[in-house]
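Work through the exercises below with the sequence and the coordinates at hand. Each task is followed by a solution in steps.

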Amino acid sequence: MPVRPLPALLTSALALTLTALPLAGTASARPASSSSCSAQAIAAATQDGPDVKALCAALEGLPDQDATAALIRVGGKGSWQGAAGVRDMRTGAPVLENARFRAGSTTKIVTAAIVLQLAAEKRISLDGTVQEYLPGLLSEKFQQPITVRQLLNFTSGLQPGASLGEDVDDGYEHRFETLTPEEVVAASVAKGPDPDHAPGKHQRYGNIHYTVLGMLIEKVTGDSYAHQAAVRIFRPLGMRHTSFPSGPDPRIHGPHNRGYDWIDGKLVDVTEWNMSDRFAAGDMISTTADLERLLFALFRGRVVPEPQLKEMFTVPDIEGATMGAALERYELNGKVIWGKTGARPGYHTVVAATRDLSRTVVYSVNSTDAKGDGLAIVQRFAFPAFNR
């Protein structure tokens with residue numbers, strides 16, 4: 001992301017924060033839990049726990065050009081929570097630690113879990129095909145079968161579907177419009193299969209695979225995807241603050257930190273946005289506490305039973321592949337980490353852990369370029385959790 005001068009909105013909000021809110025200007029970072037980054041907390045951090053000093057450094061100075069707020073939860077051997085920034089750039093109100101946010105593509109973890117539960121219940125087979133379960137969805141151009149497993153691990157060969165904008169700048173003027181999952185998939189089908197790779201031969205990350213999986217869930221269960229997520233995942237795990245918007249509702253209901261993005265050189269409030277086109281691929285609203293609860297339960301086998309759970313940790317034997325069913329494999333500081341990122345305008349999310357849960361991290365960062373290259377945000381706010 002290019003360096004941009006701070007606009008008047010940001011500088012005035014920072015000034016208001018400095019004058020009106022105690023501690024808000026130092027680490028503007030006022031970690032909302034004030035003891036999280038105290039000298040005593042940093043000194044007390046153990047070598048087998050998270051790198052508290054680095055985590056606090058990540059929060060220092062918020063809001064800044066790259067983010068207006070951040071919420072971080074680290075667990076496993078040693079735990080730590082920190083928050084910094086502002087809830088609202090207009091008022092300078094301090095960050096809310098219990099804020100709800102658009103969780104973006106971390107939604108795919110929930111979708112994969114439901115599909116794998118259905119497989120465990122023998123209501124579907126992972127080797128079953130789209131042509132079998134959703135007859136008529138694909139055109140006759142699709143001569144080769146596409147399996148449920150190939151949808152899960154992004155090797156289906158489906159091309160991207162319809163969109164209301166390839167980036168935030170393009171999409172902003174369409175943010176209150178609706179694009180149904182059926183319209184998204186129809187546009188993909190119209191393009192035909194990947195001309196260069198047969199199903200199962202190439203991994204290409206994209207929302208289209210999980211949009212079709214959401215439709216599959218609805219067809220097999222005779223129920224809405226959102227209700228299946230609630231009764232199978234959210235309620236059993238006590239994820240009381242996680243839900244999907246009602247249809248095209250553009251609002252985040254309940255406490256939340258507002259999201260901002262750079263558009264035409266200006267920092268613009270992008271909190272209200274109809275995300276219904278993201279459906280089972282990225283429409284979820286959640287909290288860091290709820291996502292941490294999901295992470296622990298999933299990895300402990302309380303959400304998806306073996307042997308289906310292994311699908312999430314199995315990367316297909318394809319050159320360049322890095323993802324299993326929803327989860328991506330990373331190596332950092334000698335550790336193998338499994339995780340998922342999510343990005344919606346104004347909101348960047350990470351859920352990641354070692355397989356044995358010796359270290360976990362969940363964050364929500366109000367990134368001002370959430371749909372851009374998220375690596376810098378991940379390096380700043382997630383990597384420090386795995387330094388030790």
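**Exercise 1. Classify Glu121 as buried, partly exposed or exposed, then examine its salt bridge with Arg232.**

Step 1. Glu121 has a relative accessible area of 39%, so it is partly exposed; buried means under 20% relative accessible area, exposed over 50%, and partly exposed in between, with a 1.4 Å probe and protein chains only.

Step 2. The model is a predicted one, in which local features need pLDDT of at least 70 and side-chain atom pairs count only at pLDDT 80 or more, while totals for chains, interfaces and linings use all residues. Residues are numbered from 1 along each chain as its sequence is written, and side-chain values use heavy atoms, with hydrogens and water left out.

Step 3. The closest N and O atoms of Glu121 and Arg232 are 2.9 Å apart, and the two form a salt bridge (a side-chain nitrogen of Lys or Arg within 4 Å of a carboxyl oxygen of Asp or Glu). Side chains of opposite charge can pair when their charged atoms come close.

Step 4. Glu121 lies in the loop between α4 (107-120) and α5 (130-133) and Arg232 in helix α10, so the bridge ties together parts that are 111 residues apart in sequence. Helices (H or I, at least four residues) and strands (E, at least two) are DSSP runs, numbered from the N terminus.

Step 5. Arg232 has a relative accessible area of 15% and is therefore buried. A network of salt bridges links Glu121, Arg123 and Arg232.

**Exercise 2. Which residue forms a salt bridge with Arg258, and which with Asp249?**

Step 1. Arg258 forms a salt bridge with Asp269, where the closest N and O atoms are 2.6 Å apart.

Step 2. Arg258 is in the loop between α10 and β5 and Asp269 is in strand β6 (residues 266-269), so this pair ties together parts that are eleven residues apart in sequence.

Step 3. Arg258, at 18% relative accessibility, counts as buried, whereas Asp269, at 29%, counts as partly exposed.

Step 4. Asp249 forms a salt bridge with Arg251, with 3.0 Å between the closest N and O atoms. Asp249 is buried at a relative accessible area of 14%; Arg251 is partly exposed at 46%.

Step 5. The count of salt bridges comes to 13.

**Exercise 3. How many aromatic pairs are there, and what is the geometry of the pair Tyr225 and Phe244?**

Step 1. Rings of Phe, Tyr and Trp (its six-membered ring) pair if their centres lie within 6.5 Å; planes under 30 degrees apart count as stacked, over 60 as edge-to-face and the rest as tilted. By this rule there are nine aromatic pairs.

Step 2. Tyr225 and Phe244 are edge-to-face, at 5.2 Å centre to centre with 70 degrees between the planes. Tyr225 lies in helix α10 (residues 225-237) and Phe244 in the loop between α10 and β5 (260-263), so the pair ties together parts that are 19 residues apart in sequence.

Step 3. Tyr225 and Phe244 are buried. One aromatic cluster is formed by Tyr225, Phe234, Phe244 and Phe279.

**Exercise 4. Which residue has its charged end over the ring of Tyr172, and which lies over the face of Phe313?**

Step 1. A charge sits over a ring if NZ of Lys or CZ of Arg is within 6 Å of the ring centre and within 35 degrees of the ring normal.

Step 2. Over the ring of Tyr172 sits the charged end of Arg175, 3.8 Å from the ring centre. Over the face of Phe313 lies Arg355, at 4.1 Å from the ring centre.

**Exercise 5. Which residues have the most contacts inside the largest nonpolar core?**

Step 1. A nonpolar core is a set of buried Ala, Val, Leu, Ile, Met, Phe, Trp, Tyr and Cys residues joined through side-chain atoms within 4.5 Å.

Step 2. The largest nonpolar core has 72 residues, and Leu152, Ile233 and Met312 have the most contacts inside it. With nine residues, α4 gives the most to this core.

Step 3. Apart from this core lies another, of 25 residues, including Leu332, Phe381, Ala385 and Phe386.

Step 4. Beyond its neighbours within four places in sequence, Leu152 is in contact (heavy atoms within 4.5 Å) with residues including Ala112, Val115, Leu116 and Tyr210.
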